[in-house]
Amino acid sequence: MALPPKIQLRFSEKLGLNLVLLQIPFLLLYTLLVSRWSKSNKGKPTNRLLFDRTARFVLENLSVRQLPAASPISEETYLKWMSEQKLKPVIDKLILDASLMWVGKEGMNYAMIYCHGGGYIGPLSDFQIEFWHRLQVSLQGQEAGVQLGVAVLDYSLYPAGFPTQLHQLISAITQIISSGLPPSHIFLAGDSAGANIILQLIGHLLHPSSQITEHVEFPQGGHGGFGFAGICLISPWVLSNTESESERINDVFDLLPTKCLTNWKNVYMASVLDPSDQFLVQPNDAVDGWFKNIQGICSSVMITAGGREVLHDSVVKLYENMVLHHPQATLYVQDTGLHCDAMFDIAAKSKNPHPMEQRVFQWFYANILDKKLGGD
């Protein structure tokens, strides 16, 4: 499989990008003086108000070709963050120019593969690494003998489409298993589009795609099946063809505009050439029983959503479809939360721990404790 060439912006696109970025200081001033008093922003801390308004403005005004150019590539962000934390970077190369960028690989007895969000367009951000590093430190401080290695999957972005990212995730899993760590000690985690890659993997394991040539064979886990330690899906994006009520009602609140999701969905779905693969990317549109036998894939699933995010209804539907076949699937909805709210709280430099962050920690801790007590 050959990757498409990297995006080269035309002069007009570079000019438009710079014009959007130049407007941000004036947007922030207007937000402080006027927008903060609107009904939709009532009670929101100033730091989140400014961050959310800036993020939405950028997403609304940059094209799928311009957005990647507005941020450093994922590897640059990772190397800068590791340097700031005075940690040693470790990068393992995978197929199709992908890589695993590790935080705390040495001495690990558990691993978590993280697929970052960004609509298959935006690269990794430092606050996404920070979110999982906090979890890593908290787990190691809470439970003696736990060394969780966080492996950030640096996967291909637009114009690369399906099934490139699924190929790359399978390569990452295979590499970690071949190093000697059993699937029962491997967590999979993703937010937004990153969570969609994990949903593609689940779909492929249950309904194999002819597009995937690698033979996926995971050894038996300690609790039966070939179970991963757990799967955590934060504000998962299911690219549904049907617009939900929350996409209409919550668009005024969320920092992720509904029209951007629709545009990004159309761009990515154009790469799904075989109709039989559609439901791997769009599981909410699949036939009943799509997740049958998911218990053999993982011992536990956690799904989170914000009550005011545009994806709320589709996330709840995903959970309802999944819990029919996996009694250890759980859903946590933060009433006033937005898309990936806990991560964006870190980006906005909020001081207090986010309730969603605490719930995710509790889920990971409970899963690891259960495995230790079970002798796995």
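**View 1. Strand β7 is wrapped up on both faces.** Six of the six residues of strand β7 (residues 301–306) are buried, so this strand is largely enclosed by the rest of the structure. Buried here means under 20% relative accessible area, exposed means over 50%, and partly exposed is in between (1.4 Å probe, protein chains only). Strands (E, at least two residues) and helices (H or I, at least four) are DSSP runs, numbered from the N terminus. Val301, Ile303 and Ala305 sit on one side of β7, with Met302, Thr304 and Gly306 on the other, and all are buried.

A word on the model: it is predicted, so local features need pLDDT of at least 70 and side-chain atom pairs count only at pLDDT 80 or more, while totals for chains, interfaces and linings use all residues. Residues are numbered from 1 along each chain as its sequence is written, and side-chain values use heavy atoms, leaving out hydrogens and water.

View 2. Strands count as paired if DSSP finds at least two bridges between them. Strand β6 (residues 230–234) runs parallel to β7, with four bridges; Ile234 has Thr304 of β7 as its bridge partner. Strand β8 (residues 329–334) also pairs with β7 in the parallel sense, this time over six bridges.

**View 3. Ile113 sits in the largest nonpolar core.** A nonpolar core is a set of buried Ala, Val, Leu, Ile, Met, Phe, Trp, Tyr and Cys residues joined through side-chain atoms within 4.5 Å. The largest one has 77 residues, and Ile113 and Trp264 touch the most other members. Helix α7 (residues 193–206) supplies the largest share of this core, nine residues. Apart from it lies another core of 41 residues, including Met101, Leu124, Leu139 and Val146. Zoom in on Ile113 and, leaving aside residues up to four places away in sequence, its contacts (heavy atoms within 4.5 Å) include Leu100, Ala151, Leu153, Leu169 and Phe187.

**View 4. Arg56 is a buried arginine on helix α3.** Arg56 belongs to helix α3 (residues 46–61). It counts as buried because its relative accessibility is 14%. Which residues does Arg56 touch, not counting those up to four places away in sequence? They are Asp251, Asp254, Leu255, Leu256 and Pro257.

**View 5. Leu32 on helix α2.** Look for Leu32 in helix α2 (residues 24–33). With a relative accessible area of 33%, Leu32 is partly exposed.
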